[in-house]
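This report goes through one protein chain, from its overall make-up to selected residues. The sequence and the structure come first.

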Amino acid sequence: VTKMAMFDARGTDLPMNMPIHSFNASELPELPDVLRENLARAGYVSPTVLQRSAVPVGLAGRDMAIIAAERSTGQAASLLLPLITPVINTHGQIDARKSSISQPQALLLAPARPPLATLARVARKLAN
């Protein structure tokens, strides 16, 4: 069974590097090296179908809503990469236990506890 993903991006100033085919610096120059290393360490070898379009849109600072995607760590990474990237670029690698960042940087909503637990687990892998 082939799973199809549909991504609809509208508006002006859409990213020109959409869709991406890797997390390499040539395709995502704004991604910090430490985050690229954390992606590899977490097992993200190449972007999922959703990440190919969602990550460039999110990194461009555009609003994004993922409505009907299969729940997975790939979906979580699609949401988290654009949120974590500017924090790491501004403050360096994050250690939540020692962080001086005390204000919210983003708000993620989910319909139940399991998707939030997935988001928290993936965020720890990517940010540390």
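## Overall make-up

The model is predicted. Its chain contains four helices and zero strands, which in sequence order gives the pattern α-α-α-α.

Of the 128 residues in the chain, 34% are buried. The accessible surface is about 8400 Å², and carbon and sulfur atoms account for 54% of that area. Among contacts with a separation of 6 or more, 71% join residues 24 or more positions apart.

## Nonpolar core

The largest nonpolar core consists of 20 residues, and Leu 81 and Leu 126 have the most contacts inside it. At least two residues of this core come from each of helix 1 (33–41), helix 2 (49–59), helix 3 (73–91) and helix 4 (113–127). Helix 3 provides the largest share, with six residues. In soluble globular proteins, nonpolar side chains tend to be buried together.

Which residues does Leu 81 touch, not counting those up to four places away in sequence? They are Phe 23, Leu 31, Leu 35, Leu 39, Val 55, Leu 59 and Leu 126.

In helix 1 the buried residues are Val 34, Leu 35, Arg 36, Asn 38 and Leu 39. Just after helix 1 comes Gly 43, with a positive phi of about 95 degrees.

Helix 2 is mostly covered, with nine of its eleven residues buried. The buried set is Leu 50, Gln 51, Ser 53, Ala 54, Val 55, Pro 56, Val 57, Gly 58 and Leu 59. Gly 61 follows helix 2 and has a positive phi, near 85 degrees.

## Salt bridge

The salt bridge count is one. The partners are Asp 33 and Arg 36, whose closest N and O atoms are 3.9 Å apart. Because they are three residues apart in helix 1, about one helical turn separates Asp 33 and Arg 36.

Are the two partners buried or exposed? Asp 33 has a relative accessible area of 54%, so it counts as exposed. Arg 36 has a relative accessibility of 16% and therefore counts as buried, the cut-off for buried being under 20%.

## Two buried threonines

Thr 85 lies in helix 3. Its relative accessibility is 3%, so Thr 85 counts as buried. What does the side chain of Thr 85 reach? It reaches the backbone oxygen of Leu 81, at 2.7 Å. Apart from neighbours within four places in sequence, Thr 85 is in contact with Glu 30, Leu 31, Pro 32, Leu 35 and Leu 59.

Thr 118 is part of helix 4. With a relative accessible area of 14%, Thr 118 is buried. Between Thr 118 and Gln 75 there are 9.6 Å from C-alpha to C-alpha, and the two are 43 residues apart in sequence.

Definitions and conventions:
Residues numbered from 1 in each chain as written. Predicted model: local features only at pLDDT ≥ 70, side-chain atom pairs only at ≥ 80, totals over all residues. Heavy atoms only, no water. Core = buried A, V, L, I, M, F, W, Y, C linked by side-chain atoms within 4.5 Å. Buried < 20%, exposed > 50% of the residue type's maximum accessible area, 1.4 Å probe, protein only. Contact = heavy atoms within 4.5 Å. Areas by Shrake-Rupley, 256 points an atom, 1.4 Å probe, with all protein chains shown as cover. Polar contact = N/O pair within 3.5 Å; in protein donor to acceptor, adjacent residues only side chain to side chain. Salt bridge = Lys/Arg side-chain N within 4 Å of Asp/Glu carboxyl O.
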